[in-house]
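Dear colleague,

I am passing on a structure that you have not worked with before, and below it you will find my notes on it. Please read them with the sequence and the coordinates open beside you.

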Amino acid sequence: MSRIVRVTLAVTLVLFLWHSSAHDVITTPITFSREISRLIYSRCAGCHREGGSAFSLLTYQEARPWAKAIKEEVLERRMPPWGAVKGFGQFRDDQGLTQEQIELIANWVEGGAPEGDPVLLPKRPDFAEKAAVAAPPGIAVEGAMALKSPVTLAGIRPGNVAEGSSLMVTATRPDGSIEPLLWLYNYKPQSGRAYWYSAALRFPAGTRIEVSPPGAGTIALLVKQGRPNQIRR
Amino acid sequence: MSIFRALLTVLAGLAALFPFVVAQTVPQPPLDYVCPMDRDVRSAGPGKCPRCGMSLVVGVPDPVEYPLDLNLSPRTPRAGDRLELTFKIRHPKTGAPVTQYQIIHEKLFHMFVVSQDLEYFVHDHPVPLPNGSFRYAGRLPKPGMYRVLADYYPTGGTPQLTERTILVPGGGLQPAKLGPDLTGKHTENLDVELVTEPPQPLAGFKTLLFFRVRPAEGLEQYLGAWGHMLVASDDLIDLIHTHPFLADGGPQIQFNVIFPRARTYRVWVQFQRKGVVNTAVFTVPVSVLK
């Protein structure tokens with residue numbers, strides 16, 4: 001092999017390896033600036049920001065090193081730690097990601113997690129603290145119970161539920177109709193949140209509230225009206 | 001000079017081998033036209049999405065979830081009895097009923113219903129009512145949980161895929177236990193085979209699903225696409241609706257899916273041939289990268 005060819009091959013190999021290691025191959029038009037930043041601002045930045053309870057993901061430089069971990073966490077539905085499966089109860093301020101949002105993040109990371117044009121970044125969110133909603137009286141449910149009097153539910157709050165566990169809560173009315181109240185998946189007790197229904201749910205006396213599987217945990221029904229002590233087990 | 005020429009030659013060869021590497025350094029025109037449904041499909045000019053057939057548009061708004069109320073009549077569904085489902089969609093800010101929708105895949109509203117044991121599958125189209133709601137009449141065959149996926153596109157918003165749950169009294173809430181099933185299927189007028197790449201799909205990584213259909217003669221687009229796919233996890237948490245990544249009316253149709261978790265997934269894929277809709281069902285085990 002001539003010296004020219006050897007030198008050429010060596011230089012080319014070095015150039016190629018340098019290029020490959022310096023950048024992931026970009027195979028997606030989805031970018032941080034256009035799409036991902038909007039999701040992070042609306043779903044993650046409450047905690048993941050300067051002064052928040054977790055490391056910041058607000059800028060591309062901060063988020064990029066975490067890209068693969070972000071993908072894994074959202075696909076496994078561990079993040080954001082909303083915990084409630086969509087479509088099993090309808091909640092106000094639902095912080096869960098839709099399936100399409102999850103796919104968008106996964107495709108961005110799989111496609112090399114490009115930054116895109118920073119001109120397209122949205123306005124940074126306002127992190128003004130929201131006033132905590134005063135918790136109404138609660139009815140504790142462990143296993144199953146029947147309501148002794150009519151109840152209007154404003155929300156529901158997990159009680160003693162182990163980290164990472166899953167459970168469903170349903171309400172069966174005396175006419176046999178079943179209302180899905182809450183489906184927890186990969187629950188994180190640290191969130192300590194209550195889930196507030198987008199519209200209050202009314203249940204007549206005799207409605208059976210059930211946690212499934214039995215023994216998976218306890219929940220509290222957050223009552224808007226009615227007398228919480230009048231319950232029948 | 002000889003070294004320079006040789007370098008150029010080798011670099012040109014590398015560029016041919018790895019076009020994506022070079023593509024990063026070539027300025028691209030702004031890809032402002034976006035498919036509202038497949039948001040990774042972009043174009044510098046107007047056109048149709050090659051995957052789903054929707055018109056590419058400029059300035060797709062940020063996705064916002066629209067509240068959807070699903071009402072049942074009768075309120076207590078009974079297995080096998082007639083049941084009406086009414087879907088009422090409200091504006092996310094005003095709460096006012098939405099009355100204007102864009103057509104997606106030739107319809108205003110698509111609905112998928114999947115039973116808890118993943119044996120029952122429906123892809124149908126509730127009819128619009130004068131007040132902007134949609135209604136569907138059908139029968140749910142057995143007790144238990146059903147997940148409903150509503151697919152619609154409110155005017156001024158973005159395409160929506162909204163999940164809801166119906167509970168038919170008398171059933172439990174345990175997830176299905178599914179064994180893998182990747183064997184070829186004979187459907188109405190097609191034989192459908194599935195090959196995945198990688199052969200063992202991995203959670204979190206792209207899986208290519210190659211469907212080979214025979215006979216390919218007479219294949220037609222069904223609702224504006226060469227195929228429709230619904231993917232459901234065995235616990236009914238992941239519900240993915242997608243269209244072919246590559247298809248041209250020939251015998252091979254490729255879908256790309258990132259299976260979210262290491263679970264078992266049921267896949268329903270629909271193709272149309274000579275006016276007949278074929279639905280083939282496969283069960284794909286997904287493992288974790290070790």
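Predicted model: local features only at pLDDT ≥ 70, side-chain atom pairs only at ≥ 80, totals over all residues.

Helix 4 itself spans residues 67-75 of chain A, and its buried residues are Ala67(A), Ile70(A), Lys71(A), Val74(A) and Leu75(A). They lie on the same side of helix 4 of chain A because they cover an arc of only 120° around the axis. As a general point, an α-helix has 3.6 residues a turn, so residues three or four places apart point the same way. On the face of helix 4 of chain A that is turned away from the buried side, the exposed residues Lys68(A) and Ala69(A) are found. Just after helix 4 of chain A, Arg77(A) adopts a positive phi of about 65°.

The largest nonpolar core has 114 residues, and those that touch the most other members are Ile105(A), Ile156(A), Val169(A) and Leu182(A). If neighbours within four places in sequence are left aside, Ile105(A) is in contact with Ile36(A), Leu39(A), Ile70(A), Lys71(A) and Val74(A); among these, Ile70(A), Lys71(A) and Val74(A) are buried residues of helix 4 of chain A.

Turning to chain B, its secondary structure comprises two helices and 20 strands, and 34% of its 290 residues are buried. Among its contacts between residues at least 6 apart in sequence, 60% join residues at least 24 apart. Chain B also holds an open sheet of three strands in the order 2-1-3, with antiparallel pairing, in which strand 2 (42-43) and strand 3 (57-58) are the edge strands, each pairing on one side only. Strand 1 (residues 33-34) of chain B pairs with strand 2 of chain B over two bridges in the antiparallel sense, and Val34(B) stands opposite Arg42(B) of strand 2.

A word on confidence in chain A: its mean pLDDT is 86, and 82% of its residues reach 70 or more. Over residues 11-22 of chain A, however, the pLDDT is below 50, and this stretch has seven contacts in the model beyond near neighbours in sequence. Residues 226-233 of chain A likewise stay under 50 in pLDDT, and for them the model has 17 contacts beyond four places in sequence.

With kind regards

Note on methods:
Residues numbered from 1 in each chain as written. Chains lettered and ligands numbered in written order. Buried ≥ 20, exposed ≤ 12 C-beta atoms within 10 Å, placed from the backbone. Helix = DSSP H or I, 4+ residues; strand = E, 2+ residues; numbered from the N terminus. Arc of directions from axis to C-beta. Pairing = 2+ DSSP bridges. Core = buried A, V, L, I, M, F, W, Y, C linked by C-beta atoms within 7 Å. Contact = placed C-beta atoms within 7 Å. pLDDT = per-residue confidence, 0-100.
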